[in-house]
Amino acid sequence: MASIERQAKILQHKSWGNYHRLKILAPEIAEKATPGQFVMIRINETFFPLLRRPFCLHHCHGDEIEIFFKVVGQGTAQLAEKKEGDFLDIIGPLGRGFSLPEKPDKRPALLVAGGRGIAPFVFLAHELKRLGQSMIIFYGGKTREDLPLIEDLEKNGFNLRLSTEDGCLGFKGLITELLEKELPSLNPACLYVCGPEAMLVEVARISRTWRLKAEFSLEARMGCGFGVCYGCVWPIRQGEKIEWTRICLEGPVFPAEAIAWEMKR
Ligand SMILES: Cc1cc2nc3c(=O)[nH]c(=O)nc-3n(C[C@H](O)[C@H](O)[C@H](O)COP(=O)(O)OP(=O)(O)OC[C@H]3O[C@@H](n4cnc5c(N)ncnc54)[C@H](O)[C@@H]3O)c2cc1C
Ligand code: FES
């Protein structure tokens, strides 16, 4: 059951160019959240942006939640202006998150992130670590500026594989190319995937080819975030049928084989 925190105080705001991380006091959301779930944030009381905006839970600890976002439009630009001590109106946690191993697998889990797709993986990585599950984080972007969390992830002892399309850091090329190159030596337990749609389509192909269990975090424009507006539907297999499914309720995380990619084209 989601909570509404109308006066959630921003405790810390850290920026890296277009990328921002807010640490927010939101005890009721923090208590219930699991990795892969999201929150809906009312950014301002002004007419625009009228609708709340969805953000993954980047991390949760104690009474605090974190979100990590990239400025892409007016809503995120206004959110980027927020200062420590300001308040936000937040609903969450919403949706269904990643499934976690019941017991640790000797084989590593691979967390595959493209750009701001790293957002849900800090929470997930800490949870996997707590459960004793080993992991490798594949983190790719167009250039170095798209990978602002490298230092933080390394400081927390996470094992990283990096790529940039311009080759200024790590493997030169797409993160999916690096993933496919390294797969033969990794024998992973499963993949967790978040990033732009083209990347998800490619990882879906890879997971089918290698017969790997994979879960994808999907995105859509969301009007409400809790099942009322039908603005967020994706084609999802339900048994024999493909249903246009509200990803805010049934997702945003789905097993790879459930997603009917052919209907998205
Ligand atoms: C479940 C969920 C979790 C998300 N988590 C994060 C997160 O952790 N960090 C983060 O940076 N972003 C996240 N997003 C995307 C984020 O919600 C959008 O970037 C944001 O709503 C854009 O608002 P805006 O007013 O700045 O941009 P707008 O002016 O509304 O749009 C600007 C541009 O971004 C595109 N866009 C906007 N929303 C989406 C979307 N949902 N999917 C694809 N393209 C979109 C528009 O087509 C347009 O081109 C998430 C989205 C969903 C559905
Ligand atoms: S966002 Fe309204 S139904 Fe999903």
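How far is an oxygen atom of ligand 1 from an N or O atom in the side chain of R221? The distance is 2.6 Å.

This is a predicted model, in which local features need pLDDT of at least 70, side-chain atom pairs count only at pLDDT 80 or more, and totals for chains, interfaces and linings use all residues. Residues are numbered from 1 along each chain as its sequence is written, chains are lettered from A and ligands numbered from 1 in the order in which they are written, and side-chain values use heavy atoms, with hydrogens and water left out.

**View 1. The surroundings of ligand 1.** Ligand 1 is surrounded by 19 residues (a residue is near a molecule if one of its heavy atoms lies within 4 Å of it). P54, F68, G75, T76 and R221 are the closest. A nitrogen atom of ligand 1 lies 2.9 Å from a backbone N or O atom of F68. E219 places a polar side-chain atom 3.2 Å from a nitrogen atom of the ligand. On its own, ligand 1 has 870 Å² of accessible area, and the protein covers 79% of that (areas come from the Shrake-Rupley method with a 1.4 Å probe; for residues, only the protein chains shown count as cover).

**View 2. T76 in helix α2.** Helix α2 spans residues 74–80 and contains T76 (helices, H or I, have at least four residues and strands, E, at least two; both are DSSP runs numbered from the N terminus). T76 counts as buried because its relative accessibility is 8% (buried means under 20% relative accessible area, exposed over 50%, partly exposed in between, with a 1.4 Å probe and protein chains only). N18 is 58 residues away from T76 in sequence. In space, the two are 9.7 Å apart, C-alpha to C-alpha.

**View 3. A nonpolar patch on the surface.** F47, F48, L50 and L51 form this patch. Together they have about 450 Å² of accessible area. Patch residues have over 30% relative accessible area and no salt bridge; like charges are joined within 9 Å, nonpolar side chains (Val, Leu, Ile, Met, Phe, Trp, Tyr) within 5 Å. A salt bridge is a side-chain nitrogen of Lys or Arg within 4 Å of a carboxyl oxygen of Asp or Glu. L51 sits in the loop between β3 (38–42) and β4 (53–56). It is partly exposed, at 42% relative accessibility.

**View 4. An open sheet of seven strands.** The order is β11-β10-β9-β8-β12-β13-β16, with mixed pairing (two strands pair if DSSP finds at least two bridges between them). β11 (171–172) and β16 (253–255) are the edge strands; each has a single partner, so one side of each lacks a neighbour in the sheet. β8 (residues 109–114) and β12 (residues 190–194) run parallel, joined by five bridges. A109 faces C190 in β12.

**View 5. Strand β1 and its partners β2 and β7.** β1 (residues 3–16) pairs with β7 (residues 87–94) in the antiparallel sense, over five bridges. S3 has G92 as its bridge partner in β7. β1 also pairs with β2 (residues 19–25) in the antiparallel sense, over seven bridges. The two strands form a hairpin with two residues between them. G17, in the turn, has a positive phi of about 60 degrees. A cis peptide bond joins G92 and P93, with omega about -10 degrees.

Terms used. Polar contact = N/O pair within 3.5 Å; in protein donor to acceptor, adjacent residues only side chain to side chain.
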